Structure formats: C-alpha cells, structure tokens
Amino acid sequence: MAAAAGGGLLIVSEFIDWRSGASAWEFFHGVDVALLVIGLLAIGLGVAALAGLGRSLPVPVGRTIAAFGVVATTVALIFVDTDTAEAGAILGLLSSLSILVGGLLLGDQQPAHRGQATEPSAAAPGWYPDPRRAARLRYWDGVDWTERTSD
C-alpha cells in the first residue's frame, strides 16, 4: 500500500514546484520521465502485490519496488538543494521514501517459478525447483518430495 501511494504521490509531486518556481517537468531534462515511469511501476507492482498477484510476476516484487524507491530517493536527494527546495521536492523525497519502505515491507516475495518451499500438492509428478535449494531440481512424486535431484 505504501509503495502504490508513494508512486502516486511521486507523480503528483512532479507537477508542483521543485526549485525556483519550476516543476519537475520544467526543471529536469529526462529525469522527470524516469520518475514518472518509477511512479507508475510502483503503483502497478504495489497493487499487484495487494491483489495477491505478486508471486505470479517474473520479478521479486518487494525487491523491485525497493530498488525503484532507492533510485527515486537518490534522484530527489541529488537534485534537491535543501536551501532552495520547494513543496514539490519535499513531496518527491517523501514519496520516494514511501516507495522504498513499501518495497522493504513487502519483503522477499520471490516469483513462484523460482523454487518456493511449498509443496505443489495439486501438481503432477515431475521435476520442480528444489525447495531445499540443495540442487536446481528435485522430483515431486505427486505426494512428497523424493531424494532424487538434478543440477
């Protein structure tokens, strides 16, 4: 929730004066578009995580959102001089930190195909990512994990 809200606020902050009476769209040259994309991705991934779709995505959602938060926070800190910072810059920094914290709170939600420690109880017998991480693959016999592994 914090990541999605932070993404929305980051987008809003770009329309408010950041420095010397200029919005992010007037002040930055290209960075404004990057912040817009980060805001949109934070909203999308945050909503996906809230809807329970995080594990079905091909990226670890919490880590990805946290990385976006780090980038946005770094941009805000680099380009914002605290002596001349205006409301947009402060909101941009706070929203970037919200994205970062939201990603950290989501934690290490790995995509399902990367070897979850859960049993594929409804899955047919076959080779699956090893939940013990002792090998790349472990054989599921339809009831339990076997000792058969493959690298």
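**Labels and the rules behind them**

A search of the whole structure turns up three salt bridges. This is a predicted model, in which local features need pLDDT of at least 70 and side-chain atom pairs count only at pLDDT 80 or more, while totals for chains, interfaces and linings use all residues. Residues are numbered from 1 along each chain as its sequence is written, and side-chain values use heavy atoms, with hydrogens and water left out.

Q: Why is the contact between Arg138 and Asp130 called a salt bridge?
A: The term asks for a side-chain nitrogen of Lys or Arg within 4 Å of a carboxyl oxygen of Asp or Glu. Here the N to O distance is 2.7 Å, so the pair of Arg138 and Asp130 meets the rule.

Q: How do you know whether Arg138 is buried or exposed?
A: Compare its relative accessible area with the cut-offs: buried means under 20%, exposed over 50%, and partly exposed in between (1.4 Å probe, protein chains only). Arg138 has 4%, so Arg138 is buried. Asp130 has 3%, so Asp130 is buried too.

Q: What makes Arg132 and Glu147 a salt bridge?
A: Their closest N and O atoms are 3.2 Å apart, so the pair passes the distance rule. This pair links distant parts of the chain, with Arg132 in the loop between S3 and S4 and Glu147 in strand S5, 15 residues apart.

Q: Which accessibility labels do Arg132 and Glu147 get, and why?
A: Arg132 has 45% relative accessibility, so Arg132 counts as partly exposed. Glu147 has a relative accessible area of 63%, so Glu147 is exposed.

Q: What links Asp130, Arg132, Arg138 and Glu147?
A: A network of salt bridges joins these four residues. Glu147 forms a salt bridge with Arg138, with the closest N and O atoms 4.0 Å apart.

Q: What makes S3, S4 and S5 a sheet, and in which order do they lie?
A: Strands are DSSP runs of E with at least two residues, helices are runs of H or I with at least four, and both are numbered from the N terminus. Two strands pair if DSSP finds at least two bridges between them. S3 and S4 pair in the antiparallel sense over four bridges, and S4 (residues 137-140) pairs with S5 in the antiparallel sense over three bridges. Both pairs therefore meet the rule, and the open sheet has the order S3-S4-S5. Strands of a sheet pair through backbone hydrogen bonds, either parallel or antiparallel.

Q: Why are S3 and S5 called edge strands?
A: Strand S3 (126-129) and strand S5 (145-150) each pair on one side only.

Q: Why is Leu91 called partly exposed?
A: Leu91 has 22% relative accessibility, so Leu91 counts as partly exposed. Leu91 lies in helix H5 (residues 87-106).

Q: Which residues is Leu91 in contact with, leaving aside neighbours within four places in sequence?
A: Contact means heavy atoms within 4.5 Å. By that rule, Leu91 is in contact with Leu9, Val12, Ser13 and Ile16.

Q: Why is Ser13 called buried?
A: Ser13 has a relative accessible area of 0%, so Ser13 is buried. Ser13 lies in helix H1 (residues 2-13). Leaving aside neighbours within four places in sequence, Ser13 is in contact with Trp18, Gly88, Leu91 and Gly92.
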